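The entries follow the order in which I worked.

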Amino acid sequence: MPDFKKLFTPSRIGDLTIKNRVVMSPMQTFSYENDGTPNQKTIDYFVARARGGAGLIICPGAKPSPESHAPKTPALYNDKVIPLFLELTEAVHNQGTKIAQQINHTGKALTYNQALAQGTGLAESIGPSPLRYVKTGVVLRKASLEDIQRITEQISEAARRARDAGFDMIELHAAHGYLLSSFLSSFSNRRDDQYGGTPEKRARLLCEIIMRTREKVGPHFPIGVRISGSDFLVGGTTIEDTLIQAPLFVKAGADALHISAGAHENTEVQFLSYLWPDGFITNLAAAVKKVVDVPVITVGKLGNPEVAEEVIKQGFADFVALGRQLLADPEWPNKVRDNKLDRINYCICCNNCWKRVFSKSREVGRLYCTVNPAVHRETLFDLKQALSAKKISVIGGGLAGMEVARVAAERGHQVTLFEKSSELGGQFLIACQQPDKSKYLSLLKRQVQGIREAGVNVITNISVTPGILLESRPDIVVLATGASPKKLPVPGIDRPTVVQGIDVIQGKAQVGEKVAVIGGRLIGMEVALDLARQGKKVSLITDKRLGENGEPLEENIYRTLRNRLIENGVQFFTGCPLLEVNEGGVFLDDNGNLLSIQADTVVLAVGFSPVIDLFAELKLIAPEIHVIGDCKTPRDALEAMHEGAELGRIL
Ligand SMILES: Cc1cc2nc3c(=O)[nH]c(=O)nc-3n(C[C@H](O)[C@H](O)[C@H](O)COP(=O)(O)OP(=O)(O)OC[C@H]3O[C@@H](n4cnc5c(N)ncnc54)[C@H](O)[C@@H]3O)c2cc1C
Ligand SMILES: Cc1cc2nc3c(=O)[nH]c(=O)nc-3n(C[C@H](O)[C@H](O)[C@H](O)COP(=O)(O)O)c2cc1C
Ligand code: SF4
């Protein structure tokens, strides 16, 4: 049995003793009030993570000034907010966990807010140099020396307020391309005054802010600094730059360094998806640790307990920060400490949480997680026994069907789950067979284990018909029959050379040496990459932009796949509808010009259609019927899980 002794050895940051080496990484929650104060929902969320055993929680970036404030995020530019933050720090302290506040001037990220970008006075986004920010197209205003002085005061005052609000530590956010980090990096800092040029000059602003903060918070209050060990960008900060800058921050007064990676333009090395190895950026922390004498925190896909323990054991870092893993399972630390690894809800690095950050999370004011639908509704989501036990038939054993079946059965209902194929899992079972998605298996295993433990009666190898349900007479029917891959209505589509992407993944289809993949979204890009890696000549064809199908793909997964497709020599044909499949390959419409692409296999990955044909008949015979998951509208694993979890609680 593995032991995790090192992870659970207490340690210190400055004068602060922390009970273990597990730090909750700062993650914006979008759940704060509009004046930037924490409400009960936010407090409950952090208390759940404290109760789960994290040693130190770092709260997400608080804004030091009105001009840098974004809605629903913490703000510390006014003394009036201090009592409300005190409620949060007290609640977390009551669980024996220490709590830090990150402070972040978001710089160019402010240009997301249209009103700000249009220059309303409060509004202008500043940066070290007047460069165009690729994500919004806005050209930043070059920070003047007065701006620099004002921001130094604002950030250090915010730190003082955090101390007064009962936080045990502050962390200055100087990673990921936000304002302070953009001064550190030669990608964004092209100044030739005392704040630009050499790595030392680029470090000057952050050093000045650390020193001013020290004056405000006193000699014993810990100041942490978060930096990107490398930008992984041409012309940006390299680990060599960081090894020059890191000791300067310590000399200026930093008590801990938290080493992340990436800039705003390439967050894929920050939010490491399933396409990257565990602990991909820990080598950066390990390098920094060799040149400083303060504790170093590492981060980045460290939810595998064995990997996390090894990081501490090998001395690569003093603390392991977990972000998404603590969304997926707030109890990770306690479960690891107690060696209950099979009870952990592992983060599968699907990045569906991040996909919702710019849409649903901001609108609704909370985070979302595929494997943990309870995020930000921890107390509401406790299971309550059903008032009367009902007979429920769930049709379809994909994620949605399994989740609703488990939750309903745990509440005391008598549940039968019917699945057409011999194995449970539906589309997700196919996803698990993709080369990079081995982490997805943990969710599938947990779902199967969950329905077994809840006492769901599972019947596989049965395609449900109205007749079968008439015999079993359920009180409630849940249709979770999912979706099946589409075809395109073009000549030649029934040729034997045309195969479905999901059949390629499952090894059910023969694929030649020259391949035309039709469909440029997730499955199309992933299948094209796998085939190219096998040495095949692959053309990737889409009638839209790459990575789009009405809605764009999650940005980090998109950029990673796009870059790897380019590296592997895949040719893109975007905005080119398929006209015909023929003997030699395919005809495309290239903006009014006929384009012929050679291919001996044509792989379709053009989306899914709901499998909903049973609904009309079942509606006539079932006393109550519900439709969830992809059979409602094909979407993703998060929606399937959420709809199952939510319906199961109200049946
Ligand atoms: C290759 C692939 C990769 C993917 N990758 C991702 C990803 O990275 N991230 C992500 O979020 N999503 C991904 N998805 C999408 C995600 O897997 C689905 O959105 C989600 O699993 C849908 O779950 P569901 O339960 O609604 O439907 P399904 O998974 O389609 O399940 C429906 C089930 O119903 C059964 N069924 C149908 N009719 C009957 C009947 N009459 N009687 C009995 N049983 C029946 C089917 O056999 C099936 O098992 C991927 C999908 C595929 C195919
Ligand atoms: C929803 C979300 C919000 C985040 N907000 C912040 C933030 O406010 N400040 C910050 O430094 N990092 C932020 N991050 C990055 C995380 O702190 C962490 O570095 C990243 O998720 C990688 O760690 P992980 O692999 O353990 O998730 C955020 C991450 C997520 C998923
Ligand atoms: S949504 Fe996916 S990546 Fe995000 S925390 Fe949940 S499992 Fe992890």
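The entries below concern a predicted model.

Entry 1, the ligand shell. I first listed what lies around ligand 1 and found 37 residues, of which the closest are Gly396, Gly398, Gly426, Gly482 and Gly629. I then asked which elements give two or more residues to this shell. They are helix H15 (399–410), helix H16 (426–431), helix H19 (501–505), helix H20 (522–533) and helix H23 (637–650). H16 supplies the largest share, five residues.

I next checked the domain assignment: domain 2 (391–485 + 609–650) and domain 3 (498–606) each give at least three residues to the shell.

I traced an open sheet of five strands in the order E15-E14-E13-E16-E29, and noted that the pairing is parallel. Strand E15 (457–459) and strand E29 (625–627) are the edge strands, each pairing on one side only. From one strand to the next, I noted an average twist of 15°.

I looked at strand E14 (residues 414–418) and E15, which run parallel and are joined by three bridges. Leu417 has Val458 in E15 as its bridge partner.

I returned to H15, one of the helices listed for the shell around ligand 1. H15 lies across strand E13 (391–395), E14 and strand E16 (476–479), and runs at about 165° to E14.

Definitions and conventions: Residues numbered from 1 in each chain as written. Chains lettered and ligands numbered in written order. Predicted model: local features only at pLDDT ≥ 70, side-chain atom pairs only at ≥ 80, totals over all residues. Near = placed C-beta within 6 Å. Helix = DSSP H or I, 4+ residues; strand = E, 2+ residues; numbered from the N terminus. Domains from an automatic or database assignment. Pairing = 2+ DSSP bridges. Axes fitted to C-alpha atoms, helices over the stretch in contact; angles between N-to-C directions. Contact = placed C-beta atoms within 7 Å.
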